[in-house]
Amino acid sequence: MCGPEYVRTENPCSDLVKSQGNGKGDTFVALLIIMVNMRDNESPYEAQMEEPLGRVSILSYGSGHMLNDITSSCWFTYLLVFLTDVGLSPGDAAVVMLSGQLADGFTTIFAGELMDRFGHFKLWHAGGSILVAISFSSVFGSCVPCKLMGTNSSTLETVGYSTFAAIFNVGWAVTQVAHMSMVNCMTSNPSSRVSLVSCRNAFTMVANLSLYGIALLIFTLLQSVSVLVQYRWIAYVSISLGSCFVVIFLVGTKEPGSIQHSTDKNLSRISWAYWFKRVLYYQVALVYTLTRLVTNVSQAFLAFYVIYDLEMPQSSKALIPAIIYVCSLIVSVILQETRWSSWRLKLYFSAGAVLWILSGLGIVLLPSRLHNVMYAISIIIGAANALMTVTSISMEGVLVGEDLNGCAFVYGSLSFVDKVSCGIALYILESYQGTIRSNLVTAFGYSVTRFGLGFVPAACSLLSAIVAYTMDLPDTRRRPLVEPLLA
(Lines give C-alpha, C1' and ligand atoms only; values in the text may rest on other atoms or scores of the structure.)
Protein backbone atom coordinates (compact mmCIF):
# COMPACT_ATOMS: atom_id res chain seq x y z
CA MET A 1 0.00 0.00 0.00
CA CYS A 2 0.97 3.59 -0.57
CA GLY A 3 -0.44 4.97 2.66
CA PRO A 4 -2.26 3.97 5.84
CA GLU A 5 -5.78 4.67 4.66
CA TYR A 6 -5.79 3.62 1.02
CA VAL A 7 -6.04 0.55 -1.20
CA ARG A 8 -5.11 0.00 -4.79
CA THR A 9 -7.56 0.02 -7.71
CA GLU A 10 -7.56 -0.75 -11.40
CA ASN A 11 -5.11 1.83 -12.78
CA PRO A 12 -1.64 0.53 -11.90
CA CYS A 13 -0.22 4.04 -11.50
CA SER A 14 -2.82 6.49 -10.43
CA ASP A 15 -5.96 4.71 -9.24
CA LEU A 16 -6.13 4.79 -5.47
CA VAL A 17 -9.31 5.51 -3.56
CA LYS A 18 -9.86 6.67 -0.03
CA SER A 19 -11.69 3.99 1.89
CA GLN A 20 -13.67 6.28 4.16
CA GLY A 21 -15.18 8.18 1.23
CA ASN A 22 -17.60 5.58 -0.17
CA GLY A 23 -20.20 5.70 2.60
CA LYS A 24 -20.91 1.95 2.51
CA GLY A 25 -20.37 0.07 5.77
CA ASP A 26 -19.71 -3.36 4.27
CA THR A 27 -17.16 -2.02 1.84
CA PHE A 28 -15.46 -0.04 4.59
CA VAL A 29 -15.11 -3.16 6.75
CA ALA A 30 -13.76 -5.09 3.79
CA LEU A 31 -11.17 -2.40 3.17
CA LEU A 32 -10.09 -2.49 6.82
CA ILE A 33 -9.62 -6.25 6.54
CA ILE A 34 -7.54 -5.76 3.41
CA MET A 35 -5.35 -3.20 5.17
CA VAL A 36 -4.82 -5.49 8.16
CA ASN A 37 -3.91 -8.43 5.92
CA MET A 38 -1.44 -6.33 3.95
CA ARG A 39 0.04 -4.64 6.97
CA ASP A 40 2.71 -7.26 7.63
CA ASN A 41 3.37 -8.02 3.97
CA GLU A 42 4.22 -4.72 2.34
CA SER A 43 5.07 -5.14 -1.35
CA PRO A 44 8.37 -4.00 -2.86
CA TYR A 45 6.43 -1.31 -4.75
CA GLU A 46 5.02 0.17 -1.57
CA ALA A 47 8.39 0.06 0.17
CA GLN A 48 10.00 1.82 -2.78
CA MET A 49 7.28 4.48 -2.82
CA GLU A 50 8.14 5.28 0.80
CA GLU A 51 11.86 5.72 0.08
CA PRO A 52 13.23 9.23 -0.65
CA LEU A 53 14.06 9.82 -4.28
CA GLY A 54 17.68 10.23 -5.36
CA ARG A 55 19.07 13.45 -6.77
CA VAL A 56 19.31 12.02 -10.30
CA SER A 57 15.61 11.15 -10.33
CA ILE A 58 14.69 14.58 -8.98
CA LEU A 59 16.89 16.42 -11.49
CA SER A 60 15.69 14.40 -14.48
CA TYR A 61 12.08 15.03 -13.47
CA GLY A 62 12.68 18.76 -13.03
CA SER A 63 14.16 19.04 -16.52
CA GLY A 64 10.93 17.77 -18.08
CA HIS A 65 9.21 21.15 -17.97
CA MET A 66 12.10 23.13 -19.45
CA LEU A 67 10.58 23.40 -22.94
CA ASN A 68 7.28 24.56 -21.50
CA ASP A 69 8.99 27.08 -19.24
CA ILE A 70 11.25 28.68 -21.83
CA THR A 71 8.45 29.02 -24.38
CA SER A 72 6.08 30.31 -21.70
CA SER A 73 8.59 32.98 -20.71
CA CYS A 74 8.88 34.05 -24.34
CA TRP A 75 5.09 33.97 -24.65
CA PHE A 76 4.43 36.36 -21.76
CA THR A 77 7.46 38.59 -22.32
CA TYR A 78 7.60 39.09 -26.09
CA LEU A 79 4.35 37.95 -27.73
CA LEU A 80 2.42 41.21 -27.36
CA VAL A 81 5.45 43.25 -28.42
CA PHE A 82 6.00 41.01 -31.44
CA LEU A 83 2.38 41.09 -32.56
CA THR A 84 2.20 44.88 -32.40
CA ASP A 85 5.53 45.10 -34.28
CA VAL A 86 4.13 43.03 -37.16
CA GLY A 87 1.11 45.34 -37.44
CA LEU A 88 -1.65 44.04 -35.14
CA SER A 89 -3.49 46.52 -32.97
CA PRO A 90 -3.21 46.17 -29.18
CA GLY A 91 -6.78 44.87 -29.11
CA ASP A 92 -6.08 42.21 -31.75
CA ALA A 93 -2.87 41.23 -29.98
CA ALA A 94 -4.85 40.82 -26.76
CA VAL A 95 -7.32 38.56 -28.62
CA VAL A 96 -4.45 36.31 -29.75
CA MET A 97 -3.16 35.96 -26.19
CA LEU A 98 -6.66 35.36 -24.81
CA SER A 99 -7.34 32.63 -27.39
CA GLY A 100 -4.20 30.84 -26.29
CA GLN A 101 -4.98 31.15 -22.59
CA LEU A 102 -8.55 29.87 -23.07
CA ALA A 103 -7.33 26.91 -25.13
CA ASP A 104 -4.77 26.20 -22.42
CA GLY A 105 -7.37 26.36 -19.66
CA PHE A 106 -9.97 24.12 -21.28
CA THR A 107 -7.36 21.59 -22.39
CA THR A 108 -6.17 21.11 -18.82
CA ILE A 109 -9.62 19.86 -17.79
CA PHE A 110 -9.94 17.23 -20.51
CA ALA A 111 -6.27 16.26 -20.41
CA GLY A 112 -6.50 15.67 -16.67
CA GLU A 113 -9.55 13.46 -17.05
CA LEU A 114 -8.01 11.42 -19.89
CA MET A 115 -4.79 10.91 -17.95
CA ASP A 116 -6.75 9.76 -14.92
CA ARG A 117 -8.47 7.19 -17.12
CA PHE A 118 -5.57 5.90 -19.21
CA GLY A 119 -2.36 6.90 -17.44
CA HIS A 120 0.87 6.80 -19.53
CA PHE A 121 2.06 10.22 -18.37
CA LYS A 122 5.31 10.12 -20.33
CA LEU A 123 3.45 9.42 -23.57
CA TRP A 124 1.19 12.42 -22.98
CA HIS A 125 4.23 14.50 -22.10
CA ALA A 126 6.03 13.56 -25.31
CA GLY A 127 2.98 14.27 -27.48
CA GLY A 128 2.40 17.66 -25.89
CA SER A 129 6.06 18.58 -26.27
CA ILE A 130 5.92 17.81 -30.00
CA LEU A 131 2.91 20.12 -30.40
CA VAL A 132 4.70 22.86 -28.48
CA ALA A 133 7.86 22.60 -30.58
CA ILE A 134 6.02 22.65 -33.92
CA SER A 135 3.44 25.35 -33.19
CA PHE A 136 5.62 27.76 -31.23
CA SER A 137 7.79 28.50 -34.26
CA SER A 138 4.61 29.32 -36.18
CA VAL A 139 3.33 31.65 -33.45
CA PHE A 140 6.48 33.74 -33.86
CA GLY A 141 6.69 33.19 -37.60
CA SER A 142 4.82 34.77 -40.45
CA CYS A 143 1.05 34.51 -40.82
CA VAL A 144 0.55 31.12 -42.54
CA PRO A 145 -3.14 31.67 -43.51
CA CYS A 146 -2.18 35.06 -44.98
CA LYS A 147 0.38 33.38 -47.24
CA LEU A 148 -2.09 30.71 -48.30
CA MET A 149 -4.88 33.22 -49.02
CA GLY A 150 -2.58 35.82 -50.57
CA THR A 151 -3.83 38.65 -48.36
CA ASN A 152 -2.70 40.47 -45.23
CA SER A 153 -5.99 41.64 -43.77
CA SER A 154 -5.95 42.33 -40.02
CA THR A 155 -8.82 39.90 -39.45
CA LEU A 156 -7.04 37.05 -41.21
CA GLU A 157 -3.81 37.84 -39.36
CA THR A 158 -5.63 37.77 -36.04
CA VAL A 159 -7.30 34.45 -36.91
CA GLY A 160 -4.03 32.94 -38.12
CA TYR A 161 -1.98 33.89 -35.09
CA SER A 162 -4.84 32.95 -32.76
CA THR A 163 -5.05 29.47 -34.31
CA PHE A 164 -1.39 28.67 -33.78
CA ALA A 165 -1.51 30.27 -30.33
CA ALA A 166 -4.35 27.91 -29.42
CA ILE A 167 -2.49 24.85 -30.79
CA PHE A 168 0.63 25.85 -28.88
CA ASN A 169 -1.29 26.17 -25.64
CA VAL A 170 -3.06 22.84 -26.14
CA GLY A 171 0.32 21.12 -26.33
CA TRP A 172 1.62 23.23 -23.46
CA ALA A 173 -1.31 22.26 -21.23
CA VAL A 174 -1.02 18.54 -21.99
CA THR A 175 2.68 18.61 -21.13
CA GLN A 176 2.09 20.59 -17.94
CA VAL A 177 -0.69 18.39 -16.58
CA ALA A 178 1.26 15.20 -17.37
CA HIS A 179 4.38 16.55 -15.68
CA MET A 180 2.64 17.85 -12.56
CA SER A 181 0.51 14.74 -12.15
CA MET A 182 3.59 12.53 -11.98
CA VAL A 183 4.70 14.00 -8.62
CA ASN A 184 2.27 12.02 -6.48
CA CYS A 185 2.74 8.89 -8.58
CA MET A 186 6.52 8.83 -8.35
CA THR A 187 6.75 8.80 -4.55
CA SER A 188 4.67 8.91 -1.39
CA ASN A 189 7.51 10.50 0.60
CA PRO A 190 6.38 14.07 1.50
CA SER A 191 9.88 15.58 1.43
CA SER A 192 10.62 13.99 -1.95
CA ARG A 193 7.39 15.35 -3.37
CA VAL A 194 8.28 18.88 -2.33
CA SER A 195 11.81 18.36 -3.67
CA LEU A 196 10.34 17.42 -7.05
CA VAL A 197 8.22 20.57 -7.06
CA SER A 198 11.14 22.71 -5.91
CA CYS A 199 13.42 21.26 -8.59
CA ARG A 200 10.77 21.90 -11.22
CA ASN A 201 10.53 25.50 -10.03
CA ALA A 202 14.33 25.82 -10.13
CA PHE A 203 14.37 24.71 -13.77
CA THR A 204 11.65 27.28 -14.44
CA MET A 205 14.03 29.95 -13.20
CA VAL A 206 16.83 28.54 -15.37
CA ALA A 207 14.49 28.59 -18.38
CA ASN A 208 13.60 32.23 -17.82
CA LEU A 209 17.24 33.23 -17.45
CA SER A 210 18.10 31.26 -20.59
CA LEU A 211 15.38 33.03 -22.54
CA TYR A 212 16.66 36.47 -21.57
CA GLY A 213 20.22 35.44 -22.40
CA ILE A 214 19.18 34.10 -25.81
CA ALA A 215 17.18 37.23 -26.58
CA LEU A 216 20.02 39.53 -25.53
CA LEU A 217 22.49 37.72 -27.79
CA ILE A 218 20.15 37.71 -30.78
CA PHE A 219 19.13 41.35 -30.39
CA THR A 220 22.83 42.24 -30.14
CA LEU A 221 24.21 40.06 -32.93
CA LEU A 222 21.34 40.40 -35.41
CA GLN A 223 20.65 44.11 -35.25
CA SER A 224 20.70 44.43 -39.05
CA VAL A 225 17.85 41.99 -39.69
CA SER A 226 14.12 42.54 -39.29
CA VAL A 227 12.23 42.10 -36.04
CA LEU A 228 10.44 39.08 -37.52
CA VAL A 229 13.72 37.29 -38.17
CA GLN A 230 15.00 38.13 -34.67
CA TYR A 231 11.97 36.67 -32.95
CA ARG A 232 12.05 33.65 -35.24
CA TRP A 233 15.63 32.91 -34.16
CA ILE A 234 14.66 33.37 -30.51
CA ALA A 235 11.89 30.81 -31.03
CA TYR A 236 14.14 28.31 -32.85
CA VAL A 237 16.96 28.48 -30.29
CA SER A 238 14.54 28.26 -27.37
CA ILE A 239 12.80 25.23 -28.87
CA SER A 240 16.10 23.48 -29.54
CA LEU A 241 17.33 24.05 -25.99
CA GLY A 242 14.04 23.01 -24.41
CA SER A 243 13.78 19.88 -26.54
CA CYS A 244 17.18 18.68 -25.29
CA PHE A 245 15.86 18.76 -21.74
CA VAL A 246 12.70 16.92 -22.80
CA VAL A 247 14.91 14.10 -24.07
CA ILE A 248 16.77 14.04 -20.72
CA PHE A 249 13.44 13.78 -18.91
CA LEU A 250 12.09 10.98 -21.10
CA VAL A 251 15.30 8.96 -20.79
CA GLY A 252 16.02 9.58 -17.11
CA THR A 253 12.53 9.37 -15.59
CA LYS A 254 10.69 6.07 -15.19
CA GLU A 255 7.01 5.87 -16.05
CA PRO A 256 5.18 5.94 -12.69
CA GLY A 257 3.74 2.55 -11.85
CA SER A 258 6.07 0.61 -14.12
CA ILE A 259 7.03 -1.52 -11.11
CA GLN A 260 3.42 -1.97 -9.99
CA HIS A 261 2.29 -5.57 -9.87
CA SER A 262 -0.80 -5.88 -7.68
CA THR A 263 -4.15 -4.40 -8.66
CA ASP A 264 -7.67 -4.53 -7.39
CA LYS A 265 -10.34 -4.10 -10.07
CA ASN A 266 -13.28 -4.10 -7.68
CA LEU A 267 -13.02 -0.39 -6.86
CA SER A 268 -13.96 2.46 -9.18
CA ARG A 269 -12.19 5.70 -9.91
CA ILE A 270 -12.75 8.81 -7.83
CA SER A 271 -15.44 10.99 -9.41
CA TRP A 272 -15.23 14.75 -9.89
CA ALA A 273 -17.95 15.20 -7.27
CA TYR A 274 -15.59 13.82 -4.62
CA TRP A 275 -13.30 16.82 -5.06
CA PHE A 276 -16.09 19.37 -5.40
CA LYS A 277 -17.41 18.35 -1.98
CA ARG A 278 -14.09 19.10 -0.26
CA VAL A 279 -13.61 22.60 1.15
CA LEU A 280 -9.84 22.16 0.90
CA TYR A 281 -10.16 21.80 -2.88
CA TYR A 282 -11.58 25.33 -3.20
CA GLN A 283 -9.05 26.76 -0.75
CA VAL A 284 -6.09 25.27 -2.61
CA ALA A 285 -7.57 26.36 -5.95
CA LEU A 286 -7.91 29.94 -4.74
CA VAL A 287 -4.39 30.04 -3.29
CA TYR A 288 -2.85 28.56 -6.44
CA THR A 289 -4.78 30.89 -8.78
CA LEU A 290 -3.89 33.99 -6.78
CA THR A 291 -0.24 32.93 -6.76
CA ARG A 292 -0.25 32.58 -10.53
CA LEU A 293 -1.89 35.99 -10.89
CA VAL A 294 0.88 37.46 -8.74
CA THR A 295 3.67 36.02 -10.89
CA ASN A 296 2.06 36.55 -14.32
CA VAL A 297 0.77 40.08 -13.78
CA SER A 298 4.08 41.19 -12.29
CA GLN A 299 5.99 39.67 -15.20
CA ALA A 300 3.77 41.41 -17.75
CA PHE A 301 4.12 44.87 -16.19
CA LEU A 302 7.71 44.79 -14.94
CA ALA A 303 9.42 45.96 -18.14
CA PHE A 304 6.96 48.83 -18.64
CA TYR A 305 7.39 49.91 -15.02
CA VAL A 306 11.20 50.13 -14.97
CA ILE A 307 11.36 51.98 -18.32
CA TYR A 308 8.41 54.36 -18.23
CA ASP A 309 7.69 54.87 -14.52
CA LEU A 310 11.20 54.69 -13.08
CA GLU A 311 12.94 55.93 -16.25
CA MET A 312 15.72 53.36 -15.91
CA PRO A 313 18.07 52.46 -18.79
CA GLN A 314 16.89 49.98 -21.45
CA SER A 315 19.20 47.29 -20.07
CA SER A 316 17.08 47.17 -16.92
CA LYS A 317 14.39 45.33 -18.90
CA ALA A 318 16.70 42.33 -18.86
CA LEU A 319 18.67 42.98 -15.67
CA ILE A 320 15.77 43.39 -13.24
CA PRO A 321 13.98 40.18 -14.36
CA ALA A 322 17.31 38.34 -14.27
CA ILE A 323 17.87 39.37 -10.63
CA ILE A 324 14.36 38.17 -9.76
CA TYR A 325 14.89 34.79 -11.36
CA VAL A 326 18.35 34.28 -9.86
CA CYS A 327 16.97 34.94 -6.37
CA SER A 328 14.05 32.62 -7.06
CA LEU A 329 16.48 29.94 -8.21
CA ILE A 330 18.57 30.24 -5.05
CA VAL A 331 15.53 30.05 -2.76
CA SER A 332 14.13 27.09 -4.72
CA VAL A 333 17.38 25.16 -4.25
CA ILE A 334 17.33 25.92 -0.52
CA LEU A 335 13.74 24.70 -0.27
CA GLN A 336 14.76 21.32 -1.66
CA GLU A 337 16.57 20.58 1.61
CA THR A 338 13.57 21.46 3.80
CA ARG A 339 11.75 18.75 5.75
CA TRP A 340 8.14 19.66 5.13
CA SER A 341 5.02 19.46 7.25
CA SER A 342 1.61 21.04 6.81
CA TRP A 343 2.27 23.94 9.15
CA ARG A 344 5.58 24.69 7.43
CA LEU A 345 3.85 24.87 4.06
CA LYS A 346 1.45 27.48 5.42
CA LEU A 347 4.23 29.35 7.22
CA TYR A 348 6.54 29.54 4.21
CA PHE A 349 3.69 30.55 1.90
CA SER A 350 2.61 33.31 4.28
CA ALA A 351 6.21 34.53 4.48
CA GLY A 352 6.33 34.81 0.69
CA ALA A 353 3.02 36.66 0.65
CA VAL A 354 4.26 39.16 3.25
CA LEU A 355 7.40 39.77 1.19
CA TRP A 356 5.26 40.49 -1.88
CA ILE A 357 3.01 42.86 0.08
CA LEU A 358 6.08 44.81 1.22
CA SER A 359 7.45 44.80 -2.33
CA GLY A 360 4.15 46.00 -3.75
CA LEU A 361 4.05 48.86 -1.28
CA GLY A 362 7.57 49.85 -2.29
CA ILE A 363 6.69 49.69 -6.00
CA VAL A 364 3.67 51.94 -5.58
CA LEU A 365 5.53 54.57 -3.54
CA LEU A 366 8.99 54.43 -5.17
CA PRO A 367 9.85 57.75 -6.90
CA SER A 368 11.78 57.68 -10.16
CA ARG A 369 14.75 59.54 -8.64
CA LEU A 370 15.32 56.53 -6.34
CA HIS A 371 15.01 53.97 -9.12
CA ASN A 372 18.11 52.08 -7.98
CA VAL A 373 16.10 50.86 -4.99
CA MET A 374 14.27 48.66 -7.50
CA TYR A 375 17.30 46.35 -7.58
CA ALA A 376 16.81 45.62 -3.88
CA ILE A 377 13.06 45.20 -4.34
CA SER A 378 13.68 42.71 -7.17
CA ILE A 379 15.66 40.52 -4.75
CA ILE A 380 12.69 40.45 -2.38
CA ILE A 381 10.30 39.71 -5.24
CA GLY A 382 12.46 36.78 -6.35
CA ALA A 383 12.40 35.22 -2.89
CA ALA A 384 8.65 35.83 -2.57
CA ASN A 385 7.90 34.24 -5.95
CA ALA A 386 9.84 31.09 -5.07
CA LEU A 387 8.26 30.72 -1.62
CA MET A 388 4.72 31.19 -2.90
CA THR A 389 5.11 29.08 -6.04
CA VAL A 390 6.79 26.07 -4.43
CA THR A 391 4.44 25.93 -1.45
CA SER A 392 1.23 26.56 -3.42
CA ILE A 393 2.02 23.71 -5.82
CA SER A 394 2.98 21.54 -2.86
CA MET A 395 -0.42 22.27 -1.32
CA GLU A 396 -1.92 20.65 -4.41
CA GLY A 397 0.05 17.54 -3.57
CA VAL A 398 -1.24 17.62 0.00
CA LEU A 399 -4.78 17.97 -1.32
CA VAL A 400 -4.37 14.92 -3.54
CA GLY A 401 -2.65 12.92 -0.81
CA GLU A 402 -2.88 9.26 -1.78
CA ASP A 403 -5.99 9.69 -3.97
CA LEU A 404 -3.81 9.25 -7.03
CA ASN A 405 -6.58 8.16 -9.38
CA GLY A 406 -7.88 11.74 -9.28
CA CYS A 407 -4.61 13.65 -9.21
CA ALA A 408 -4.62 14.61 -12.91
CA PHE A 409 -8.13 16.04 -12.59
CA VAL A 410 -7.07 18.13 -9.59
CA TYR A 411 -4.04 19.55 -11.33
CA GLY A 412 -5.99 20.02 -14.55
CA SER A 413 -8.96 21.79 -12.99
CA LEU A 414 -6.79 24.11 -10.92
CA SER A 415 -4.69 24.94 -13.96
CA PHE A 416 -7.91 25.68 -15.86
CA VAL A 417 -8.93 28.29 -13.32
CA ASP A 418 -5.41 29.71 -13.32
CA LYS A 419 -5.13 30.02 -17.12
CA VAL A 420 -8.59 31.50 -17.69
CA SER A 421 -8.18 34.00 -14.85
CA CYS A 422 -4.77 35.15 -16.06
CA GLY A 423 -5.97 35.33 -19.66
CA ILE A 424 -8.94 37.51 -18.80
CA ALA A 425 -6.87 39.75 -16.52
CA LEU A 426 -4.17 40.31 -19.13
CA TYR A 427 -6.77 40.81 -21.87
CA ILE A 428 -8.49 43.58 -19.92
CA LEU A 429 -5.25 45.30 -18.99
CA GLU A 430 -3.83 45.14 -22.53
CA SER A 431 -7.03 46.12 -24.32
CA TYR A 432 -7.82 49.14 -22.18
CA GLN A 433 -4.42 50.06 -20.82
CA GLY A 434 -4.50 53.61 -22.19
CA THR A 435 -7.95 54.37 -20.78
CA ILE A 436 -7.23 52.75 -17.43
CA ARG A 437 -3.93 54.62 -17.13
CA SER A 438 -5.61 57.98 -17.77
CA ASN A 439 -8.34 57.34 -15.23
CA LEU A 440 -5.92 56.14 -12.56
CA VAL A 441 -3.58 59.09 -13.01
CA THR A 442 -6.48 61.48 -12.64
CA ALA A 443 -7.99 59.71 -9.65
CA PHE A 444 -5.01 58.44 -7.69
CA GLY A 445 -1.87 59.97 -9.18
CA TYR A 446 -0.44 56.57 -10.20
CA SER A 447 -0.07 54.99 -13.63
CA VAL A 448 -1.81 51.70 -14.35
CA THR A 449 1.63 50.10 -14.67
CA ARG A 450 2.64 51.17 -11.17
CA PHE A 451 -0.81 50.33 -9.82
CA GLY A 452 -0.89 46.94 -11.57
CA LEU A 453 2.63 45.87 -10.66
CA GLY A 454 2.43 47.12 -7.08
CA PHE A 455 -1.15 46.94 -5.89
CA VAL A 456 -2.60 43.95 -7.78
CA PRO A 457 0.08 41.38 -6.76
CA ALA A 458 0.11 42.74 -3.20
CA ALA A 459 -3.68 42.43 -2.93
CA CYS A 460 -3.61 38.90 -4.35
CA SER A 461 -0.83 37.98 -1.91
CA LEU A 462 -2.80 39.29 1.05
CA LEU A 463 -5.95 37.41 0.08
CA SER A 464 -4.04 34.18 -0.59
CA ALA A 465 -2.28 34.40 2.79
CA ILE A 466 -5.65 34.77 4.53
CA VAL A 467 -7.02 31.72 2.70
CA ALA A 468 -3.88 29.70 3.46
CA TYR A 469 -4.20 30.54 7.15
CA THR A 470 -7.75 29.13 7.22
CA MET A 471 -6.71 25.83 5.61
CA ASP A 472 -6.94 22.61 7.57
CA LEU A 473 -4.16 20.75 5.80
CA PRO A 474 -3.74 17.08 6.74
CA ASP A 475 -0.46 16.12 8.32
CA THR A 476 1.99 15.19 5.57
CA ARG A 477 4.19 13.12 7.86
CA ARG A 478 3.83 9.36 7.53
CA ARG A 479 1.75 7.69 10.24
CA PRO A 480 1.86 4.02 11.33
CA LEU A 481 -0.87 1.92 9.75
CA VAL A 482 -2.30 0.97 13.10
CA GLU A 483 -3.46 4.53 13.91
CA PRO A 484 -6.55 4.69 11.64
CA LEU A 485 -7.55 1.17 12.67
CA LEU A 486 -7.58 2.02 16.37
CA ALA A 487 -9.16 5.46 16.04
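**An enclosed cavity and its surroundings**

The largest cavity has a volume of about 90 Å³, the volume being the space filled by probe spheres set on grid points joined across faces, edges and corners. This is a predicted model, in which local features need pLDDT of at least 70, side-chain atom pairs count only at pLDDT 80 or more, and totals for chains, interfaces and linings use all residues. Residues are numbered from 1 along each chain as its sequence is written, and side-chain values use heavy atoms, with hydrogens and water left out.

A search of the whole structure finds 1 cavity of 30 Å³ or more. Here a cavity is a set of points, on a 1 Å grid over the protein atoms alone, where a 1.4 Å probe fits but cannot get out; lining residues have an atom within 4 Å of a point. Among the residues lining the largest cavity are Trp75, Asp104, Arg292, Asn296 and Lys419. Two or more lining residues come from each of helix H4 (66–85), helix H5 (90–118), H8 and helix H12 (279–309); helices are DSSP runs (H or I, at least four residues) numbered from the N terminus.

Now to aspartate 418, which belongs to helix H16 (residues 407–431). Is this residue buried or exposed? Aspartate 418 counts as buried because its relative accessibility is 0%, where buried means under 20% relative accessible area and exposed over 50% (1.4 Å probe, protein chains only). Leaving aside residues up to four places away in sequence, aspartate 418 touches Tyr288, Thr289, Arg292 and Asn296, a contact being heavy atoms within 4.5 Å.

Terms used:
1 Å grid on protein atoms, 1.4 Å probe; cavity = no way out; pocket = protein on both sides within 12 Å on 5 of 7 lines; lining within 4 Å.
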